[in-house]
Amino acid sequence: MSIRDFILVSMLAAPVCALAGDPHSYANTEAVRVRAAALDLKVDFSDRRLAGNVRLDLDWKKPGQHALVLDTRDLDIQRVVAIDAAGNEKAAQFRLDKRDPIFGSALRIDLPEAAPAVRIHYRTAPTASGLQWMTPEQTAGKKRSFMYSQSQAIHARSWVPLQDTPSVRFTYTAQIAAPKGYRVLMSADNDAAHPLNGQFRFAMKQPIPSYLLTIAVGDLAVRQTGRRTAVYAEASVVEGAAKEFEDTESMIEAAEKLYGPYRWERYDILVLPASFPFGGMENPRITFATPTVIAGDKSLVGLIAHELAHSWSGNLVTNANWQHMWLNEGFTTYVENRIVEAVYGKDEAVMQLVVDDGEVREEMAEMSDNEQLLVPDLKGVDPDEGLSGVPYNKGRWFLRFLELRYGRDAFDPFLRGYFDHFAFQSIDTDQFLAYYEEHLAKPHPGKVSRAEIDAWLHKPGIPADAPVSRSPRFDAVDTARTEWLAGKRKADALGAGEWVTYEWLHFLNGLPATLPPESLQALDTAWKLTGTGNAEIAFRWYALTIRSGYVQARPAIAAFVERIGRRKLVLPLYEALAKTDDGKAFARQVYAKAKPGYHPLTQGSVERVLADRDVGEGP
Ligand code: BES
Ligand code: ZN
C-alpha cells in the first residue's frame, strides 16, 4: 500500500467527533466533559495487568444529552454503573465499538439521564500500548519487576477509559495496590517517605489532560537534590543521577525569573530503565527520563531543562489537539534554550541552536510539504508516526525569530503574559495568534508583517529571512574538520580533547554522508568513538559507520541497541542498517535479541523498518 492509500484508508477509519475537533479522539466533549477521575487499581505483575475501576465525574454541557463516549484501547470492560447525586450506583448499558488499529475502540455508555458520575470496572491487556511491563532480569537491580506508563500521545486510553484528548483537563485521585516492597509513583503528590507497604494513595489537585496521567511501579530509591526536587531511580543508578541533575533547582529558578512561579509544587525526576522509548516525558511533578542523558558531565541535561520547561508550555498551556503540537514542543524547545543560557551560559545555548537548526533543515529536506507545516493535517495519522523535529525546532526557530525582531524587553514579558493568560487551558494556533496580535504585534507595529507570520505558521520549509545562529566555538571545529578531510591534519591533531558534546555533534554532522573506512578507523583510534558512553555522540557516529561500511563498529552497535530502547537513538541505526541486505540481516539478528527489552512503541517502529516491504514503498 502506498503512503497515500494508507492515509486514505486510515482517514476512513478516523474517529468521528464533530465539534471537539480532535482527530484522535472519539470523545463527545461537546456534550460532556470529565471533570475528575478516581482510580482504584491493583498492579498484577504475574498477569501483566492493571485491574479495578475508575470513577469519572462529569460536567454535562448540553441539556437533554446523556450519552457518554470514551476512548479505550484493548481494555476489558467488565461493568459500567451510573452514579446519581446521592451516590447510588445503577448498572448502565454500554457498547464497545470495533477496534481501530490507531485509535482503539469507542466505549459508548447509554445513561438513562445525565448522571453526575459513572464507574467503569475494567482491566488492561498485557499488551497495553501505554504500559511497559519488565521482568526483574530487564532491570538494573534484577530483583523486582518494573512497570511504567507512557500516555502521550494517545495511549492513556490503553490503561484508563477516558476522554483521551488534550482539550479536556481533569483532577484525579488514585488508590493503587502493588506488591509489598515496591514504590508507586504517579503524576501527583508523591511522598518520598511513603512506606513500601503495598498501598498507595495519590491526589492531583491541578487539572491535567489525559496524556499527562502516569504511573510507575518498581524497586525505586530516592535522593533529594534540592528544596523541591528529588531523583527516583533504581539503587545502582540513583547516586549518579542525583549528581548529574543537581542543577535542577537552579533551572527552576531561571525559568521562574523569566516566566513566573512554578505552579506544580514539586519537580522530581524518575530515571527509567534504558528501554524507555523517549528521552524525557514531562509528567507533572515527576518528569520521566532515560538514563542515556546521564553522560557524567551534565552535557545532556538540556533534556531536563526541556521537560521542566513543559511545566509552562504544555502542562500549563496545552495544545488542544496533536495538530497544534508546536504550541507544546516549539515553545518548550525555546524555553529550554533560555534556561540553558541562564544556567550554563550563552556559548552552550548557541551551540545547541546551531546544531538543532542544521538538523531540522536536513530532516525537512526529506519530508512532504504537509509534514513540514507547523500545523499539519493529521487526520487519520497515528500521532506516534507524525513525530519529527518540525514542531520542536521549526517552532522554536519561529519564536526565536520573534524574540530577535521584538527584542527580549518586549518578547519576554509577552511570553510570560501568554502563560498566565492561558494557564490551565488548552488552545490552538489561532488562539495563540489572536493573543500575539493583541499583545505583541499591536503594541509594537511594523516589526513583523502578517505575511512573515503566515510563512512560518502555514508554509513548508524555513523562511529565507530566518535568523542564523553562529557559534564562534564551532569555527575551530569547522577548521579542524576541513583540514582533516583535506589530509592537512592528522586525526589525532583535531584538538578535540577539549570539545564538549555539542562540538562533537557539530563535527560529526558536518562530515560527508560516507567516508572511507580507513578514515573512520583513524578517527576511532584517536578518539575512541566506538563504545563512547555519550549516547548522542554514539548514535550519530554509529550511523556514519554503518553508511560507510566500517564494520568494526558492529559489536558496539549491537550492544548499544540491545541496551537502549530510546526510539530516537536506535531507529536511525536500524534504518541505516536496513539499506543493505547484509546490514538488514545483521539488524534482524540484533533485533531478535533486543526486542523483549523494548517498549511496544519502539518495537512497532523497528518492525516497520525491518519488514520485508515498507508501507511507503508501494504501489
Ligand atoms: N513530550 C515529549 C515526548 C513525547 C512526544 C512523547 C510525543 C510522546 C509523543 C518530551 O517532552 C520530549 O520532547 N522529549 C524529547 C527530549 C527533548 C530534549 C527533545 C525526547 O524524548 O527525545
Ligand atoms: Zn517536549
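1. Glu329 is buried, its relative accessible area being 2% (buried means under 20% relative accessible area, exposed over 50% and partly exposed in between, with a 1.4 Å probe and protein chains only). His306 is likewise buried, at 9%. This is a predicted model, in which local features need pLDDT of at least 70 and side-chain atom pairs count only at pLDDT 80 or more, while totals for chains, interfaces and linings use all residues. Residues are numbered from 1 along each chain as its sequence is written, chains are lettered from A and ligands numbered from 1 in the order in which they are written, and side-chain values use heavy atoms, with hydrogens and water left out.

2. Distant parts of the chain are linked by the pair His306, in helix α4 (residues 302–309), and Glu329, in helix α5 (residues 325–344), 23 residues apart (helices are DSSP runs of H or I with at least four residues, numbered from the N terminus).

3. The largest nonpolar core contains 149 residues, and Ile120, Tyr172, Phe398, Tyr418 and Tyr436 have the most contacts inside it (such a core is a set of buried Ala, Val, Leu, Ile, Met, Phe, Trp, Tyr and Cys residues joined through side-chain atoms within 4.5 Å). Helix α5 supplies the largest share of this core, eight residues. A second, separate core of 56 residues includes Val355, Val477, Ala558 and Ala576.

4. In helix α15 (residues 554–563), the buried residues are Arg554, Ala556, Ile557, Ala558, Phe560 and Val561. Their cover includes α14, α16 (567–577) and α17 (581–594).

5. Gln372 lies in the loop between α6 (346–364) and α7 (389–406). Gln372 is buried, with a relative accessible area of 9%. Neighbours within four places in sequence aside, Gln372 is in contact with Met364, Met367, Val390, Lys394, Lys459, Pro460 and Gly461 (contact means heavy atoms within 4.5 Å).

Technical notes:
Helix = DSSP H or I, 4+ residues; strand = E, 2+ residues; numbered from the N terminus.
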